[in-house]
Amino acid sequence: MAGENDVVFEDFFPSMVERLGADQFIAELCNGFNLLMDQEKGLITFESLKINSSLLGLQDLGDDELLCMLREGDLDGDGALNQSEFCVLMCRLSPGLMNGPRRLLEQAIGNQF
């Protein structure tokens, strides 16, 4: 059960993969990355995430939560997310993709990486 201050996301990813197919789903994730990234660095930085998070309805997230999101997905330890890290993070945060039909996850990730 979610607490009063918890952010609750509805997981649309499995239905998106089914509807769009794996290639178009990854393209949509890449569009999300492009919305959030620092245009000069080509990465999602804390600053770009903070500035652009309202585009995804995340304007109520605090600095600690945004930093936690970055740390969660930052696989190479550079303090920012590249496109691959972002896509992997989004898939990992989707319970439906992680717990649902394995072929959807393998198709979505395997076609691009």
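What share of the contacts in the protein with a separation of 6 or more comes from residues 24 or more positions apart? Such residues account for 48% of them, a contact being heavy atoms within 4.5 Å.

This is a predicted model, in which local features need pLDDT of at least 70 and side-chain atom pairs count only at pLDDT 80 or more, while totals for chains, interfaces and linings use all residues. Residues are numbered from 1 along each chain as its sequence is written, and side-chain values use heavy atoms, with hydrogens and water left out.

**Overall picture**

Seven helices and zero strands are found here, giving the pattern α-α-α-α-α-α-α along the sequence. Helices (H or I, at least four residues) and strands (E, at least two) are DSSP runs, numbered from the N terminus. Of the 113 residues, 35% are buried; that word stands for under 20% relative accessible area, exposed for over 50%, and partly exposed for what lies in between (1.4 Å probe, protein chains only). The protein exposes about 7,100 Å², with 52% supplied by carbon and sulfur atoms; areas come from the Shrake-Rupley method with a 1.4 Å probe.

**Inside**

Let us turn to the core. The largest nonpolar core has 22 residues, and F25, L29, I44, L49, L70, L81 and F86 have the most contacts inside it. A nonpolar core is a set of buried Ala, Val, Leu, Ile, Met, Phe, Trp, Tyr and Cys residues joined through side-chain atoms within 4.5 Å. Helix 1 (13-20), helix 2, helix 3, helix 4 and helix 5 each give this core at least two residues, and helix 2 gives the most, with six. Beyond its neighbours within four places in sequence, L81 touches F33, L43, I44, L70, G73, D74, F86 and L89.

The structure also holds one aromatic pair. The ring centres of F33 and F86 are 5.9 Å apart and their planes meet at 55 degrees, so the pair is tilted. Rings of Phe, Tyr and Trp (its six-membered ring) pair if their centres lie within 6.5 Å; planes under 30 degrees apart are stacked, over 60 edge-to-face, and the rest tilted. The partners sit 53 residues apart in the chain, F33 in helix 2 (residues 22-36) and F86 in helix 5 (residues 83-92).

| Residue | Relative accessible area | Class |
|---|---|---|
| F33 | 3% | buried |
| F86 | 6% | buried |
| L55 | 53% | exposed |

**Outside**

L55 lies in the loop between helix 3 (46-52) and helix 4 (63-73). Together L35, L55 and L56 make a nonpolar surface patch of about 280 Å².

Methods
Patch = residues over 30% accessible without salt bridge, like charges linked within 9 Å, V, L, I, M, F, W, Y side chains within 5 Å. Salt bridge = Lys/Arg side-chain N within 4 Å of Asp/Glu carboxyl O.
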